[in-house]
Amino acid sequence: MSIEVNSVGKRFGTFVALDDVSLTVADGRLTALLGPSGGGKSTLLRIIGGLEQPDTGTVRINGTDATRIPPQRRNVGFVFQHYAAFKHLSVYRNVAFGLEIRKRPKAEIRERVHELLALVHLEQFADRLPEQLSGGQRQRMALARALAVEPSVLLLDEPFGALDAQVRKELRDWLRRLHDEVHVTTIFVTHDQEEALEVADELVVINHGRIEQVGSPAEVYDKPANDFVMSFLGPVTHLAGRLVRPHDLEIFTAETPEAVPAAVASLQRIGFEVRVTLDAGAEQPWAQLTRGQSEALGLATGDRVWIRAPR
Ligand SMILES: Nc1ncnc2c1ncn2[C@@H]1O[C@H](COP(=O)(O)OP(=O)(O)OP(=O)(O)O)[C@@H](O)[C@H]1O
């Protein structure tokens, strides 16, 4: 189902959490709300889900004005960072819960729950209690539970936020594949640019209660609307007063048109990359090279080089 947010404003006291936010999410998309902490991502997600009321503006779900409809009647599924499972119920019963309270036939529930547990790769854990699962498995159970009642919209608020880096990475891949199978319109909140770039069809960059840019991961990364988006989406450095991606900065060992002279201040090897800090007088930009590039240039500390930002 499509979602239309129209001129939504929200204040907490005098603090403006959302300032005239408008956004359209197309049916079946996986959209990331990305931005720094406190920017208003969760507030926007909660307004879409009906957990929070906007002061101004409207939310339409599949063309219908849902602004005053309570969350339980919006047909949305939620997953939060700290998922509140029923501790005394098995994984199976946790996933079945929404169907049981809707008084669906037992056989239908059994079939649906097994289907969902297979989808999230938790079939063999059906009889365990939530506390007997790892953090990543618990979040997968949370997703199965949210999907059980066939929501039109899935809202995820930092669903992998509390997990370690390795598990987060696995769950990202998994969420992407799950979405390719299920196609439910999904909005997820993250402050992690890599997570957003990797998983989402569309990014919505939010800062200080405003949308800075909406676009595909490639558009937002390659054509940032402003310096904020550019800095937030990846590392940046300064050359000739401009923001430049360190991996776009070109280094030459001979004088080159449009390149400015600099000295190699330091070389630092970090995994597969080499960071070259340069001294260009007023500015100290840094470049990110592969080991191969660095070796081909034969750079050493103190060398005189010429550096250029891409056009
Ligand atoms: N119920 C509330 N009462 C008062 N202030 C609130 C309330 N909810 C949110 N805020 C404030 O609104 C701002 C936006 O919060 P929100 O949770 O939407 O940001 P966020 O971008 O999701 O950040 P985070 O990633 O840290 O959750 C924050 O400054 C927050 O302190």
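Colleague: How do the residues of the shell around the ligand divide into nonpolar, polar and charged?
Modeller: This is a predicted model. The ligand has 13 residues around it, and among them Phe12, Ser37, Lys41, Ser42 and Thr43 come nearest. By class, the shell divides into 1 charged, 4 nonpolar and 8 polar residues.

Colleague: Which helix supplies the largest share of that shell?
Modeller: Two elements, strand 2 (15-25) and helix 1 (41-49), each supply at least two residues of the shell around the ligand. The largest share is 3 residues, and it comes from helix 1.

Colleague: Helix 2 and helix 3 come within 10 Å of each other by their axes; are they parallel, antiparallel, perpendicular or oblique?
Modeller: The axes of helix 2 (residues 91-101) and helix 3 (residues 106-119) cross at roughly 130°. Roughly antiparallel would need an angle over 145 degrees, and roughly perpendicular one of 65 to 115. Helix 2 is therefore, relative to helix 3, oblique.

Colleague: What is the handedness of the crossing, and how many charged residues does the contact hold?
Modeller: Helix 2 passes helix 3 in a right-handed crossing. On the helix 2 side are Tyr92, Val95, Ala96, Leu99 and Glu100, which meet Ile109, Arg112, Val113, Leu116 and Leu117 of helix 3. The residues of this contact comprise 8 nonpolar, no polar and, as for charged ones, 2.

Colleague: What percentage of the residues of the protein count as buried?
Modeller: The protein has 9 helices and 17 strands, and its C-alpha trace spans about 75 × 45 × 30 Å along the principal axes. Of its 311 residues, the share that counts as buried is 37%.

How values were computed
Residues numbered from 1 in each chain as written. Predicted model: local features only at pLDDT ≥ 70, side-chain atom pairs only at ≥ 80, totals over all residues. Helix = DSSP H or I, 4+ residues; strand = E, 2+ residues; numbered from the N terminus. Buried ≥ 20, exposed ≤ 12 C-beta atoms within 10 Å, placed from the backbone. Near = placed C-beta within 6 Å. Nonpolar A, V, L, I, M, F, W, Y, C, P; charged D, E, K, R; others polar. Axes fitted to C-alpha atoms, helices over the stretch in contact; angles between N-to-C directions. Parallel < 35°, antiparallel > 145°, perpendicular 65-115°, else oblique. Left-handed = near helix turned anticlockwise from the far one by under 90°. Contact = placed C-beta atoms within 7 Å.
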